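Open the model in your viewer and keep the sequence panel beside it. The stops below say what to select and what is there.

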Amino acid sequence: MSTQRVVVDPITRIEGHLRVEVIVDQDNVIQDAFATSTLWRGIELILKGRDPRDAGFMTQRICGVCTYSHYKAGIEAVENALGIEIPYNATLTRTLMAQALFMHDHPVHFYHLHGLDWCDITQALSADPRKASDLAFRYADLPIATGADELTAVQRRLKTFVDKGHLGPFANAYWGHKTYHFTPEQNLIVASHYLKALEVQRNAAQMLALFGAKQPHPQSLTVGGVTCIMDLQNPARLGEYLTKFEEVSDFINRAYYADVKMAAEAFIGEGSVLAGCGVKNFMAAKEFQINRSETLFDSGIILDGDLGKVHEINESKITEEATHAWYSDNQPFHPYEGQTSPNFTGYRDGDTANGKAKIIDEKGKYTWVKAPRYDGKPMEVGPLAQILVSYASGNERVQKVVNDFLGETGVPVPALFSTLGRTAARMLQTKLIADHGKTTLMSLVENLKVDQETCAPYVIDTNKTYRGRYIGDVPRGMLSHWVNIKGGVIENYQCVVPTTWNASPKDAAGQHGPYEAALIGTKMADPTQPLEIVRTIHSFDPCLACAVHVIDTQGNSLAEYKVDPLSC
Amino acid sequence: MLSGRQELARDGAMSALLRRVESRLAGLQDQAPARSDKVIADEASRSGLTRRDFMKWATAMTAAMSLPPIFAPYVAQAAQVLDRIPVIWLHMAECTGCSESLLRTDAPTIDTLLFDYISLEYHETLMAAAGWQAEANLEHAMETYKGKYVLFVEGGIPAGQSAFYLTIGPQAHTGEAITKKAAAGAAAIFAIGSCSSFGGVQAAKPNPTNAQSLSKVINKPVINVPGCPPSEKNIVGTVLHYVLFGTLPAVDRLGRPKWAYEFRIHDLCERRGRFDAGEFVERFGDDGAKKGYCLYKVGCKGPYTYNNCSREKFNQHTSWPIQAGHGCIGCSEPDFWDVMAPFEEPRADNLFGPPFGSGADATADKVGIFLLSVTGVAIATHAVLTTIEGSFRNPKDEQDNSSPSDK
């Protein structure tokens with residue numbers, strides 16, 4: 001059987017640097033797939049020997065997109081190690097900031113990163129704005145940014161842009177691809193929301209900045225609590241959060257929810273969108289404390305797609321290994337014991353569907369991402385995992401939005417295990433936060449009437465060793481940070497991040513990670529126009545700078561890799 | 001007061017400068033591809049912006065760039081001709097925080113920037129094309145706009161023997177090779193963020209990937225726009241400065257535009273009065289924190305850090321670290337991860353035993369350090385007196401034996 005290799009590098013509209021290679025058969029069905037992180041930064045190694053109070057600031061710089069997630073994780077891992085209970089006000093403030101991050105991150109992902117996989121912007125040019133305006137009412141009671149005048153203006157703006165012949169960031173994409181299924185009117189609606197979302201995301205970012213100083217890279221958490229006491233004492237500030245929260249929630253309900261419903265309807269017959277879930281094990285952690293007794297989402301594990309049973313997470317079963325990653329040791333380690341050294345083995349020359357290229361050695365090592373496993377199994381993490389785990393746990397709020405969505409779209413439950421399901425779950429998670437996140441602010445207001453504490457005191461004993469971790473769910477899924485402290489400084493630090501789980505390479509047992517497994521079996525319309533690959537990979541919301549690891553480079557000679565700068 | 005003669009001389013210099021700006025803008029208007037429908041009012045209304053809003057923004061940007069108000073109309077005009085300039089934005093070893101910051105720009109909004117003002121030829125986070133098609137866009141832009149495009153680089157660059165820590169594209173070129181090639185054909189080069197300006201977090205000790213700043217990798221002038229991330233104002237303002245004057249902006253000794261990085265955080269800090277009055281937060285969450293006292297003693301690096309955060313803030317003036325009650329971590333200074341850490345300890349305390357050797361002081365203002373250590377002594381005296389009065393407890397004193405700062 002003749003096969004062909006397809007290389008997609010760079011996968012754009014993500015955070016970080018990612019390459020995907022697949023092998024297709026003569027019918028263009030993907031037989032095998034490999035995900036490669038092409039960047040390594042080594043932040044965990046840099047953390048060694050530093051003040052544990054600085055960990056959050058440094059880990060935050062793992063990623064400027066999920067910026068707050070690693071900040072909170074770095075601070076809370078140290079708090080866990082030192083045994084610090086933070087004040088209730090601090091807990092709620094951290095939840096407010098996390099809500100703001102999700103309400104920013106998910107819509108930006110859907111519209112600006114993932115959106116162009118669903119929406120063929122060039123088709124919007126031939127839409128009838130009046131028909132499009134009427135159509136919008138089919139998906140929302142009160143659609144937003146879809147009045148006939150507004151859509152006409154959007155269309156004229158796109159036309160002027162295209163007429164200039166200078167497509168800039170929209171140039172050379174897969175426009176006209178066979179797997180685009182929106183009508184011109186639907187494309188115009190999404191194009192309008194693409195622009196509106198650019199405006200809304202600024203407000204969502206401000207929500208985080210109100211208590212966090214800035215977004216990206218907020219700066220108001222400290223080991224023991226939060227520092228933004230003046231903002232918390234300021235009713236104008238609290239009111240500003242509330243107003244922005246409602247504004248953003250409005251967009252989520254009236255545009256984001258509606259557009260995903262529209263996508264479900266338009267793409268229901270598209271095989272490449274209804275497949276795309278090869279690893280059916282899901283793991284999620286508890287997150288979003290909204291008052292003294294409730295969290296929005298639950299923790300647990302689902303195995304083999306069986307929603308009938310939710311297993312508890314046993315932290316000791318988490319390991320990472322590097323059989324197919326560019327590190328020299330191959331055996332699995334628990335994050336507290338993790339130690340590896342880089343061992344880059346390079347690319348080789350090969351033929352691909354688009355011509356000659358450098359290709360990976362799939363039998364050997366091929367990525368900077370290690371392979372985390374739970375009890376030896378690959379796991380998918382992320383909004384889909386979170387929604388499925390909470391749904392299967394009997395979380396009533398989650399069950400209601402999921403059932404409503406399935407009812408309104410006619411999508412059956414098994415179809416959730418797909419590229420479409422992942423995209424829908426991300427929206428449903430955002431909607432749940434928009435619908436219930438106000439409780440957090442109200443709980444905080446109630447508590448501030450009687451309690452102004454925002455920081456717990458603590459002491460770091462240099463004669464003691466400490467060990468602690470953070471486990472929580474962030475926009476891309478379950479995140480854990482693991483820290484050992486000795487002599488008052490960080491002895492070892494490990495981050496097991498969502499994208500490491502999802503973008504993981506094959507392990508020693510030959511099991512693929514979720515990205516790779518999701519692609520296998522997908523039929524491509526045209527291997528030189530790999531939209532199906534890009535769409536499925538985007539549905540995971542890749543965040544590659546997060547995903548790469550290092551622990552020790554001491555005493556290892558790195559493989560030689562020479563590139564002639566002139567041949568670039 | 002200026003004398004009559006000085007005033008005349010200043011006016012003469014000013015009109016010469018204005019003439020230069022006018023001719024520069026006229027030159028840009030003529031540059032291809034010219035748009036036939038170029039009327040400012042149309043531009044503004046098409047992008048959902050009233051002319052009034054636009055002029056308001058231009059005035060704000062003019063002030064932000066420390067230019068006299070007379071420049072406001074030119075700033076507005078400069079923004080109008082931005083689409084004459086193709087932009088290539090490269091991502092190296094980074095976290096995308098700088099791109100995210102750019103996304104927050106409000107007037108011109110990011111869509112106005114993308115649709116009406118610049119031609120973003122290559123930007124991995126925003127562009128629609130992927131894979132071979134993305135690489136073709138880069139090649140096409142470097143070829144077609146050779147000598148005309150503006151290059152932005154975000155991220156540190158794994159260099160030399162370590163260049164393989166970053167490869168991009170089907171041919172797996174290293175980030176270093178791509179940067180060198182893109183820089184060769186660029187009309188102007190901007191290092192956006194502390195990573196490309198100074199190496200950033202991946203270059204912190206022990207710099208496992210040999211990440212370097214952009215200026216160490218190429219042999220052309222680089223304007224550094226540091227910050228982790230730089231504010232949206234500093235990114236957009238830097239571009240406008242280039243368009244407006246047709247030259248690179250005046251920079252300080254670290255290659256940072258003076259209009260944004262001339263003053264210390266400390267100079268214009270909203271809590272400066274508290275510092276001068278000797279009113280300090282002793283620990284996060286204490287009464288001083290509730291009253292907005294100075295954060296120096298809980299580690300604020302504002303006195304050593306040059307940036308306009310105190311004036312421009314972040315996210316459309318929403319807030320900035322000191323407003324949120326946390327000290328500045330010095331993120332727009334070289335090697336701040338090593339030099340400014342621990343972030344929650346005053347730096348004067350570290351002066352005599354810097355965590356990473358004596359090199360730590362070399363990059364900061366030595367006079368400032370000296371003054372601050374004197375201040376540090378004064379603060380310590382103040383602290384002792386206050387402790388005697390029993391009005392507060394200082395956890396730092398309790399922890400002194402266990403302080404991790406003396407690594």
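**Stop 1**

Select E76(A) and R94(A): their side chains form a salt bridge, with the closest N and O atoms 3.0 Å apart. E76(A) belongs to helix α3 (residues 67-82) of chain A and R94(A) to helix α4 (residues 88-118) of chain A, so the pair ties together parts that are 18 residues apart in sequence. Bear in mind throughout that this is a predicted model. E76(A) has a relative accessible area of 19%, under the 20% limit, and therefore counts as buried. R94(A) is buried too, at 1% relative accessibility.

**Stop 2: other salt bridges**

Over all chains, the count of salt bridges comes to 41. Select D231(A) and R237(A) for another of them, where the side chains meet at 3.0 Å, N to O. Both D231(A) and R237(A) are buried.

Next select R422(A) and E380(A). Their salt bridge has its closest N and O atoms 2.8 Å apart. This pair links distant parts of the chain, 42 residues apart: R422(A) lies in helix α13 (residues 419-436) of chain A, and E380(A) in the loop between β13 (371-374) and α11 (383-392) of chain A. Are R422(A) and E380(A) buried or exposed? Both are buried.

Now select R5(A), D9(A), R19(A), E21(A), R348(A) and E362(A) together. Salt bridges link these residues in a network.

**Stop 3: helix α11 of chain A**

Go back to the loop that holds E380(A) and move on to the helix at its end, α11(A). How many of the 10 residues of α11(A) are buried? The count is 9, so the helix is largely enclosed by the rest of the structure. To see them, select the buried residues P383(A), L384(A), A385(A), Q386(A), I387(A), L388(A), V389(A), S390(A) and Y391(A). After the helix comes G394(A), which has a positive phi, near 85°.

**Stop 4: the loop between β2 and β3**

Select D25(A), which is found in the loop between β2 and β3 of chain A. D25(A) counts as buried, at 10% relative accessibility. Show side chains here: that of D25(A) makes a polar contact with the side chain of Q31(A), at 2.8 Å. For a sense of scale, draw a distance from the C-alpha atom of D25(A) to that of T122(A); the two are separated by 31 Å and lie 97 residues apart along the chain.

Then select N28(A), in the loop between β2 (18-24) and β3 (30-37) of chain A. N28(A) is at 17% relative accessibility and counts as buried. What is N28(A) in contact with, leaving aside its neighbours within four places in sequence? The residues are T522(A), K523(A), M524(A), A525(A) and P527(A).

**Stop 5: the nonpolar cores**

Select V22(A) and I533(A). In the largest nonpolar core, which has 230 residues, these two touch the most other members. Helix α9 (residues 235-267) of chain A gives the most to this core, with 16 residues.

Stay with V22(A) and show its surroundings. Not counting residues up to four places away in sequence, V22(A) touches Q4(A), R5(A), V6(A), I30(A), D32(A), A33(A), L519(A), M524(A) and I533(A). A second, separate core has 30 residues, including I88(B), A93(B), A183(B) and A186(B).

**Stop 6: chain B**

Colour chain B by secondary structure, which comes to 19 helices and 9 strands. Of the 407 residues in chain B, 66% are buried. Among contacts in chain B with a separation of 6 or more, 73% come from residues 24 or more positions apart.

**Stop 7: where the chains meet**

Show chain A and chain B together. Contact between them involves 109 residues of chain A and 103 residues of chain B. About 9,200 Å² is buried between the two chains, and carbon and sulfur atoms give 58% of that area.

Across this interface there are 3 salt bridges. Select R157(A) and D111(B), whose side chains meet in a salt bridge at 3.1 Å, N to O.

End with helix α7 (residues 184-212) of chain A, which gives the most to the side of chain A that touches chain B, with 10 residues. That side of chain A divides into 57 nonpolar, 32 polar and 20 charged residues.

Notes:
Residues numbered from 1 in each chain as written. Chains lettered and ligands numbered in written order. Predicted model: local features only at pLDDT ≥ 70, side-chain atom pairs only at ≥ 80, totals over all residues. Heavy atoms only, no water. Core = buried A, V, L, I, M, F, W, Y, C linked by side-chain atoms within 4.5 Å. Buried < 20%, exposed > 50% of the residue type's maximum accessible area, 1.4 Å probe, protein only. Helix = DSSP H or I, 4+ residues; strand = E, 2+ residues; numbered from the N terminus. Contact = heavy atoms within 4.5 Å. Buried area = accessible area lost by both parts, 1.4 Å probe. Salt bridge = Lys/Arg side-chain N within 4 Å of Asp/Glu carboxyl O. Nonpolar A, V, L, I, M, F, W, Y, C, P; charged D, E, K, R; others polar. Polar contact = N/O pair within 3.5 Å; in protein donor to acceptor, adjacent residues only side chain to side chain.
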